[in-house]
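Please keep the sequence and the structure at hand as you read.

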Amino acid sequence: AVQHPLWPEVDRVVKQQVTMAKMGIGECGTGWQLFAEDGEMKMYRREEEVDGMVVDPLKAVHVVKGITGHEVCNYFFNPKYRYDWETTLEHMTVLETISDDTMVFLQTHKRIWPASQRDVVFWSHMRKLPNGQDRDGPDMWTVVNNSTESSEHPANAGKCVRIYLTVCLLCQTRVHPPKDGTPISRDNVSCKITYCSVVNPGGWAPASVLRAVYKREYPKFLKRFTAYVVNQTKNQPILF
Ligand SMILES: CCCCCc1ccc(-c2ccc(S(=O)(=O)CCO)cc2)cc1/C=C\c1ccccn1
């Protein structure tokens, strides 16, 4: 089949992001600070600035009972659910459907005072990853979102400041088979979620405002999103 022009970049960025998401915090270089903790969820950030702008990389690790990596990635990737869980989303447009696992989105996010409103254009790709070492272990699933250009939606042409982001959601399903050989239920599955993101806020925004936004929004986002998946799947057959 003829390759889409974005495909080589998608494949390269996905492999690079998955490699980094798999690395423990200790292996990801120095300077990571634990800035939020809530039960199984741990959120780390590194203070980093590019051209005087805060681009603090974020890495969150969470373990959620009762859901699988395939289910988590479906609800994160599929646009039909996004308004249900993405609280800062004002508008989302699918600019292009490249394949059933690769799409291009335009999103405008609610204005966060005193900064100006932001928008973002990114490709999003969902993929099952071979689990390599232990053959019979459950697979890993990932969704990678990466900013891209759109000639129809040039950056900073309207009221919004264009942000640039790379996001990786990496999910590993864990199955704890019941001792008595009864069929596996949702009580026997859990999902280890690693969420990595680097957001360049585009135009200038005060470092204190950005860091306050990230500190408030990211824990809220991950808790809300995972609770949403638990609620959506609780009475459905398990999707491995
Ligand atoms: C001054 C404000 C600067 C930036 C505001 C902002 C805009 C967009 C985004 C953002 C965050 C995650 C994604 S995604 O993971 O790809 C899921 C799909 O929506 C896409 C966009 C982040 C943020 C900044 C903070 C912030 C943090 C967690 C939640 C919401 N806002």
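## Before we start

Helices and strands here are DSSP runs, helices of type H or I with at least four residues and strands of type E with at least two, numbered from the N terminus. Please keep in mind that this is a predicted model.

Helix α1 covers residues 7-22, 16 residues in total. From first C-alpha to last, α1 reaches 22 Å, close to the 22 Å expected at 1.5 Å a residue.

Which residues of α1 are buried? They are V10, V13, V14, Q17, V18 and A21. Seen down the axis of α1, these buried residues fall within an arc of 130°, so they line one face of the helix.

## The largest pocket

The buried Q17 of α1 turns up again in the largest pocket, where Q17, M20, P57, C196 and V198 lie nearest the centre. In total, 15 residues line this pocket, and its volume is about 310 Å³. Helix α1 and strands β5 and β12 each supply at least two residues of the lining. Sorted by class, the lining of the largest pocket has eight nonpolar, five polar and two charged residues.

## Cavities inside the model

How many cavities of 30 Å³ or more does the structure hold? There are three. The largest cavity contains about 670 Å³ of space. Its lining is made up of 32 residues, and T88, H109, I163, V199 and Y218 are the closest to its centre.

Two or more lining residues of the largest cavity come from each of α3 (79-85), β7 (102-109), β8, β11, β12 and α4 (207-233). Which element gives the most to this lining? It is α4, with seven residues. By class, the lining of the largest cavity divides into 19 nonpolar, seven polar and six charged residues.

## Helix α2, mostly covered

Helix α2 (residues 69-77) has eight of its nine residues buried. Those eight are G69, H70, E71, V72, C73, Y75, F76 and F77. One of them, C73, will come back in the contacts of T142.

T142 is found in strand β9. Is T142 buried or exposed? With a relative accessible area of 0%, T142 is buried, because buried means under 20%. Leaving out residues up to four places away in sequence, T142 touches V14, V18, C73, H125, M126, R127, L129, C168, L169 and L170.

Beyond residues up to four places away in sequence, T226 touches H62, V64 and I193.

G52 lies in the loop between β3 (49-50) and β4 (53-54). Its relative accessibility is 53%, so G52 counts as exposed. The C-alpha atoms of G52 and A205 are 9.8 Å apart, though these residues are 153 residues apart along the chain.

Note on methods: Residues numbered from 1 in each chain as written. Predicted model: local features only at pLDDT ≥ 70, side-chain atom pairs only at ≥ 80, totals over all residues. Heavy atoms only, no water. Expected span 1.5 Å × (residues − 1). Buried < 20%, exposed > 50% of the residue type's maximum accessible area, 1.4 Å probe, protein only. Arc of directions from axis to C-beta. 1 Å grid on protein atoms, 1.4 Å probe; cavity = no way out; pocket = protein on both sides within 12 Å on 5 of 7 lines; lining within 4 Å. Points joined across faces, edges and corners; volume = space filled by probe spheres on them. Nonpolar A, V, L, I, M, F, W, Y, C, P; charged D, E, K, R; others polar. Contact = heavy atoms within 4.5 Å.
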